[in-house]
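Me: I have a structure to read and I am new to this. Can we go through it one feature at a time?

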Amino acid sequence: MSALSKPLPWQHELWLELTSLALLDRLSHAQLLSGPAGIGKRHFARALVAFLLCEARSGYACGKCRSCMQLAVGAHPNASVLSPEGFLGLALTEDGHHEQGLVHWQPDEDRKKRDISIEATRHMIERMTLSNHYGGAKVIIVEPAEALNTNSVNSLLKTIEEPPAKTFLLLIAERPQSLAATLRSRCQRIRFAVPTAEESRSWLQEQGGISDAAALEESLGAPLRALEMARGDGLAQRREWLELWTAVAKQRRDPLTAAATVGKEQLAEHLSWVCAWLIGLLRGAVLDGASERSAALDQMLAEILEAQRRATGNAQPQLLMESLFVQWLRLGRHALPA
Ligand SMILES: [Zn+2]
């Protein structure tokens, strides 16, 4: 049995509750898994899918049967994920962020990351109502549920009201209050709480002896997020971005090629990093009484805030970054301490 088919230590009570209901055939057809980011909702949902489909389960999915093997490579016909990436076979891989395997339907490249379209939702509903492979259950994870657009929600509501036999929808949401009330009220609500500091610490210890109190604090007590930070992917990325912005300010790098290094999928994260970085610099400039630096930083911050606003609309990421770096080429040399 792999660690992927077990819930996280602080989720055992919920696990017992839901798996008992499943064994009694009383699990509701639509569950809404809600709670803050980084506490293991995705992990739990995936373990539950494995349990529901396993052919030799006892407490957890066995990890060895045909169903479990198919899940490991994303090839299970009855386990899928509906997300802005499309409608894909669910893969129980370690990071869980990239489904590999079956592709039931995918949007055009430029539409990805925006929302869960009605087209994607229709493909999912169609698949739910097809007759079952192997006569087993069918489970679909919808994540993030906040990405469902209005039309998608409406078509989903009908399916939830009259669900095909042995089908289960697991909706994952960090901000359930932003979902349509009609959708929320038709789902069984499963609330995930932030584990205690003690639980988080001992779990982090087990993940390779990580005891990074700062990371746990910065992630607001969410252990999976803390682990990600402590493992340093985030840190290395931030160091790269710092070098990039410094190089443009010092005119060692031209704005257009600099803009090209920020991927479309990183845009939101990149902008919030720049924002935090500039605020830190501004604080320093104010403390130093450096008015020219403060003014330049102020201006640049206003540009970033405007870019963040436009990034949530239809702005073209590459153009957005180019115009920011062009501004920064002009302001940067006044903004950085000598
Ligand atoms: Zn199994």
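**Charged pairs and cores**

Reply: Let's start with burial. This is a predicted model. Glu143 has 8% relative accessibility, so Glu143 counts as buried.

Me: Is Arg46 buried or exposed?

Reply: Use the cut-off: buried means under 20% relative accessible area. Arg46 is at 4%, so Arg46 is buried.

Me: Why can charged side chains pair?

Reply: Opposite charges can pair because their charged atoms can come close. Here, Glu143 and Arg46 meet through their side chains in a salt bridge, at 3.1 Å from N to O. This pair links distant parts of the chain. Glu143 lies in the loop between β5 (138–142) and α5 (150–161). Arg46 belongs to helix α2 (residues 41–53).

Me: How many salt bridges does the whole structure have?

Reply: A search finds 7. Take another one. Arg66 pairs with Glu55, and their closest N and O atoms are 3.3 Å apart. Arg66 sits in helix α3 (residues 66–72), while Glu55 is in the loop between α2 and α3. They are 11 residues apart.

Me: How exposed are Arg66 and Glu55?

Reply: Arg66 has 43% relative accessibility, so it counts as partly exposed. Glu55 is partly exposed too, at 45%.

Me: Which residue forms a salt bridge with Asp288?

Reply: Arg293 does, with the closest N and O atoms 3.0 Å apart. Compare the two ends. Asp288 is exposed, at 53%. Arg293 is buried, at 16%.

Me: Now the nonpolar parts. Which residues touch the most other members of the largest nonpolar core?

Reply: Look for buried nonpolar residues joined through their side chains. The largest such core has 37 residues. Phe44, Val49, Leu52 and Leu90 touch the most other members.

Me: Which elements supply this core?

Reply: Each of these gives at least two residues: α1 (12–23), α2, α3, β2 (79–83), β5 and β6 (167–173). The largest share, 9 residues, comes from α2.

Me: What does Leu90 touch?

Reply: Leave out residues up to four places away in sequence. Leu90 then touches Arg46, Val49, Leu71, Gly74, Ala79, Ser80, Val81, Glu99 and Ile141. Arg46 is also the salt-bridge partner of Glu143.

Me: How many residues are in the second core?

Reply: It has 32, and it is separate. Its members include Leu267, Val274, Ala285 and Ile304.

Methods: Residues numbered from 1 in each chain as written. Predicted model: local features only at pLDDT ≥ 70, side-chain atom pairs only at ≥ 80, totals over all residues. Heavy atoms only, no water. Salt bridge = Lys/Arg side-chain N within 4 Å of Asp/Glu carboxyl O. Helix = DSSP H or I, 4+ residues; strand = E, 2+ residues; numbered from the N terminus. Buried < 20%, exposed > 50% of the residue type's maximum accessible area, 1.4 Å probe, protein only. Core = buried A, V, L, I, M, F, W, Y, C linked by side-chain atoms within 4.5 Å. Contact = heavy atoms within 4.5 Å.
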